[in-house]
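Colleague: Hi! Could you walk me through this one?
Modeller: Happy to, let's open it up.

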Amino acid sequence: MTVHSFQEKFDEKIDREDTIEPRDWMPDDYRKTLIRQISQHAHSEIVGMLPEGNWITRAPSLRRKAVLLAKVQDEGGHGLYLYSAAETLGITRDEMLEQLHSGKAKYSSIFNYPTTTWADMGAIGWLVDGAAIMNQVPLCRTSYGPYARAMVRVCKEESFHQRQGFEIMLTLAKGTEEQKKMAQDALDRWWWPSIMMFGPPDAESPNSESSMRWRIKRFSNDELRQKFIDVTVEQTKILGLTLPDKDLKWNEARGHYDYGAINWEEFWNVVKGNGPCNKERLETRRKAWEEGAWVREAALANAKKRAERKNKEASAA
Amino acid sequence: MKELLKYTLQLADNALILGHRISEWCGHGPVLEQDIALTNTALDHLGQARSFYQYAAEQFNALPVSEKEHFFTSSAIQSIIKDGKQVDEDDLAYLRDGWDFRNTLLVEQPNKDWAYTIIRSFFYDVFNFFFYTELQKSTDVTLSAIAEKSLKEVTYHLRWSSEWVIRLGDGTDESAQRINEAIANRWQFTGELLTMSEAEKAVATSGIGVDLEKIKTLWKERVAAVFAEANLDVPANGWMHQGGKEGKHSEHLGYILAELQFVQRAYPNMQW
C-alpha cells in the first residue's frame, strides 16, 4: 500500500466514525496533535492538584477534608490514565514530564490563578470542573480510541467534583455575611478565567480546523463557551450570587445569553507565563520531580537487585 | 467513663495528625503513583479519625455538665457546653487546644523527606496493624467494629511502608544512607507507641482497650524482620521520648493545629 492509500483508509475510518487505535496507521500531524492535546490535558490534571491541594490541610470540616482529598486523588488518577493514553502514541511519560518542566508543554492556564480562600474550593469545583466537563464530554466520542476511553472514566468523576463544588458554594451562599462575601469574591475572581478555559474565539483558534476534521474536537470553542454560560447563569441564580459581567443579558432572538467582552490580553499574558502563579506552579512540580529523583533511583536499583537474585535462584535450582 | 473517652480521643488524634502529615505530600510525591497512594492513605487515616471522633463526641455529650465543663480547657468548647449544645466530630478536631490532644509524638514529626516519611509510617503501621488486630476483640462494640473495618486499610499501609523500607534500605547508597539517618532520628519516638498511659491501663484492665504488653514483642519482631530484608540494623533501645499521650507535645503540633483549625477559629460558629 502507498501512503496515499493509508491516508484514504484513515479518512474513511474517520468518516465512518470508527475509532483509530494505537496500531492503526495515522497521519503524523494527527499523532502530534493528539500527543500535544492529551499530554497537555494530563499536565493540567497534575498541576491542577496544587491549587486545591493547597487547602487540604486547612479544610474547614472533616467531611470537606475527606471529599477534597478524594477529589485531588481523582485528579492524580486522571493524570495517570491520560499519560498512559498518550504513551500509546509513542512518547514516554518521562519525555512528557520533561516537556512540562522545561516549559515547552502547556497546561490549562486556569491553574495559574491562586486559591486564596476556602470558597475557591467551591468555585473551582463548580466553575472550573464545570467548564472542563463541557469540554470533555464530547471527547468521550473523540476519534482516538484510548483517549476516548480514558475520557469516559474522567467525565464520570468530574461530574461528582462539580456537584461537590456547587454544594460548597451553596453552603457559603446560604451562610453568614462573611461566608457570602467569600463566595461572591471567589465567583468574581474565577468567572472570567473559567470562560477563557474554552480557548480563544473560533476566528483566532489556530488548531481548531484540523482537529474538527479529525473528530478530535466536535464543537467549536465559542459553541462550548456559550453552552457553559447559559447553564451557569441559571445556577448562579440558585446561589443568589452575581456574575461579574454587566453585559450579561438573555437574548430572546438567539436563545442564548449575550455576554461582555473577554479580556484576551489577560488570557495570552497568562499563557505566556505571566499569570499570578505560573512560576510557582512549575517550580513546585520541578522541585517534586528533582527531590524525588533519589527515590525513583532507589526503587529501580532495588527492583534490579531483586530480579538478579531471582535469576540466580532460578539458575541454581 | 472518662478513661474510655480519653482513650477514644487518643486513637482519633493519632489518626488525624498522621493523616494530616501524610496529606501534606499531596501533589508533591516523587512519582505520580506514589502521590496517589499517599493521598489514599491520608484519606484512610482521616476516615478512621472521623469514626473515633464521632464515638468520642457521643461519649462526651453523655457526660454530666459538671464533668463536661472541666474536661477540655478550650473556651470554644466551653461556650458550646454553656449554650447547652452538643459537640460533634468537627468540634473535637477543630476547637481543642494542643494540650488536649493525645496523639503520640511520632505522628506529629515533620515529613522532611521521603525516607523520614516512610520510616514514620512504617513504625506506626507495624504498631497499628497489631493494635487493631487486638482491638477487634474489645468488649466495646464500637471500638471493635472500627478496628475490624480499619484493619483492612492498615494491612495495606503496612505492606506499602514495609516495601518502601526495603527499597530504600536495599536500593542505592544514597537511599540507604537517608533511611539510616531517618531511623536514627525517629527511633526515639517509637517507645511511646508501646508505653501505656493511665487511660490505656484503665481501659485494658476492663477488656475494652489493648494491653500493649501483648503486642510489644510482635512489634519488635516485625520491625526486625523487615529491617533484616532491607539490610538495616535495628537501633539499640536508648532514650525514648514520652508525653504526647498525656498532652505534652513537641513544637510541631502547634503549627499543625494553626493550619488545621484556621478556618474554624477565624470564622467561628458557621456551617461549612
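This is a predicted model: local features need pLDDT of at least 70, side-chain atom pairs count only at pLDDT 80 or more; totals for chains, interfaces and linings use all residues.

Colleague: Thanks. How many salt bridges turn up over all chains?
Modeller: Searching the whole structure gives 34 salt bridges over all chains. One of them joins Arg64(A) to Glu167(A), with the closest N and O atoms 3.5 Å apart.

Colleague: What does that pair tie together?
Modeller: Arg64(A) sits in helix H3 (residues 62–87) of chain A and Glu167(A) in helix H6 (residues 145–173) of chain A, so the pair links parts that are 103 residues apart in sequence.

Colleague: And how many salt bridges are there between chain A and chain B?
Modeller: Between chain A and chain B the count is three. There is a salt bridge between the side chains of Arg93(A) and Glu33(B), at 2.5 Å from N to O.

Colleague: Let's stay with the interface. How many residues are in contact?
Modeller: On the chain A side 48 residues are in contact with 48 residues of chain B. The two chains bury about 4,000 Å² between them, and 67% of that is on carbon and sulfur atoms.

Colleague: Which residues in chain A lose the most area to chain B?
Modeller: Those are Thr57(A), Leu62(A) and Trp294(A), which together make up 20% of what that side buries.

Colleague: Switching topic: what is the fold pattern of chain A along the sequence?
Modeller: Chain A has twelve helices and two strands. Its pattern along the sequence reads α-α-α-α-α-α-α-α-α-β-β-α-α-α. The C-alpha trace of chain A spans about 75 × 50 × 30 Å along its principal axes.

Colleague: Now over to chain B. At what angle do the axes of H2(B) and H7(B) cross?
Modeller: Helix H2 (residues 32–62) of chain B and helix H7 (residues 114–135) of chain B cross at roughly 40°, and their axes come within 14 Å. That angle makes H2(B) oblique to H7(B).

Colleague: Is the crossing left-handed or right-handed?
Modeller: The crossing of H2(B) and H7(B) is left-handed.

Colleague: Which residues meet there?
Modeller: From H2(B) there are Gln34(B), Leu38(B), His45(B), Gln48(B) and Phe52(B), and they meet Trp114(B), Asn128(B) and Tyr132(B) of H7(B). The residues of this contact divide into four nonpolar, four polar and no charged.

Colleague: Great, that covers my list!

Notes. Residues are numbered from 1 along each chain as its sequence is written. Chains are lettered from A and ligands numbered from 1 in the order in which they are written. Side-chain values use heavy atoms; hydrogens and water are left out. Axes are lines fitted to C-alpha atoms, for helices over the stretch in contact, and angles run from 0 to 180 degrees between N-to-C directions. Helices (H or I, at least four residues) and strands (E, at least two) are DSSP runs, numbered from the N terminus. Angles under 35 degrees count as roughly parallel, over 145 as roughly antiparallel, 65 to 115 as roughly perpendicular and the rest as oblique. A crossing is left-handed if the near helix is turned anticlockwise from the far one by less than a right angle, and right-handed if clockwise. Contact means heavy atoms within 4.5 Å. Ala, Val, Leu, Ile, Met, Phe, Trp, Tyr, Cys and Pro count as nonpolar, Asp, Glu, Lys and Arg as charged, and the others, Gly among them, as polar. Buried area is the accessible area (1.4 Å probe) that two parts lose on being put together, summed over both. A salt bridge is a side-chain nitrogen of Lys or Arg within 4 Å of a carboxyl oxygen of Asp or Glu.
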